[in-house]
Amino acid sequence: MENRGLYIIPFKGLSLGSHSFDWTIDRRFFAAYEKSEIDDAFINVHVTLMKHTRFLELDFLLEGWAETECDRCLDLLKLDIASENKMYVKFGDDASEDDADDSDVLILPLDEDHVDVAQYIYEYAHLSLPLRRVHPDDANGRSTCNQAMLDKLKQYLVEEDSENDVADPYQEE
């Protein structure tokens with residue numbers, strides 16, 4: 001993976017308290033992941049690490065835009081990205097990403113001296129995308145999707161004939 005080592009936070013030598021890390025991610029960042037839904041992007045990532053005696057607290061702030069496919073016409077669609085996420089890093093004998101109490105907890109071995117946040121940035125960017133991704137309507141209420149694709153979809157639209165509808169067996173007559 002091309003992102004290996006680029007998004008590492010070395011916490012071992014840091015003093016207790018707050019520390020900031022900043023990156024800008026773009027198309028190259030998402031190209032390193034095989035099944036990314038984001039084709040292009042310009043996202044500023046700001047991570048604030050609060051180092052405590054026994055754990056780390058990471059606050060992620062992502063702001064910018066991402067380009068993905070429209071669910072309706074499959075053309076590229078540019079969407080604003082804005083997300084705030086929190087993650088905790090605890091230390092223990094078994095390294096794990098799962099904690100019974102909280103899914104935002106990463107457990108690292110006691111001798112670890114850094115945390116690679118690339119996978120978390122990737123996930124937070126995808127989680128900030130809306131569930132339904134379609135081009136917005138224009139001022140007249142018409143879709144701004146690719147009209148040729150909308151016309152093609154209309155050709156395959158199946159309309160039900162009310163005479164051939166099957167009666168609902170649960171409906172009382």
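**Close-up views of a predicted model**

**View 1. Asparagine 44 and its neighbours.** The side chains of asparagine 44 and threonine 24 are joined by a polar contact of 3.0 Å (a pair of N or O atoms within 3.5 Å; within protein, one able to donate a hydrogen and the other to accept it, with residues adjacent in sequence counting only if both atoms are side-chain atoms). This is a predicted model, in which local features need pLDDT of at least 70, side-chain atom pairs count only at pLDDT 80 or more, and totals for chains, interfaces and linings use all residues. Residues are numbered from 1 along each chain as its sequence is written, and side-chain values use heavy atoms, with hydrogens and water left out. Asparagine 44 lies in strand E3 (strands, at least two residues, and helices, H or I, at least four, are DSSP runs numbered from the N terminus). Its C-alpha atom is separated by 6.5 Å from that of isoleucine 25, 19 residues apart along the chain.

**View 2. The largest nonpolar core.** This core has 42 residues, of which Leu58 and Phe60 touch the most other members. A nonpolar core is a set of buried Ala, Val, Leu, Ile, Met, Phe, Trp, Tyr and Cys residues joined through side-chain atoms within 4.5 Å; buried means under 20% relative accessible area, exposed over 50% and partly exposed in between (1.4 Å probe, protein chains only). Helix H2 gives the most to this core, with 6 residues.

**View 3. Leucine 74 in a loop.** Leucine 74 is found in the loop between E4 and E5. Although not a glycine, leucine 74 has a positive phi of about 70°. Leucine 74 counts as partly exposed, because its relative accessibility is 49%.
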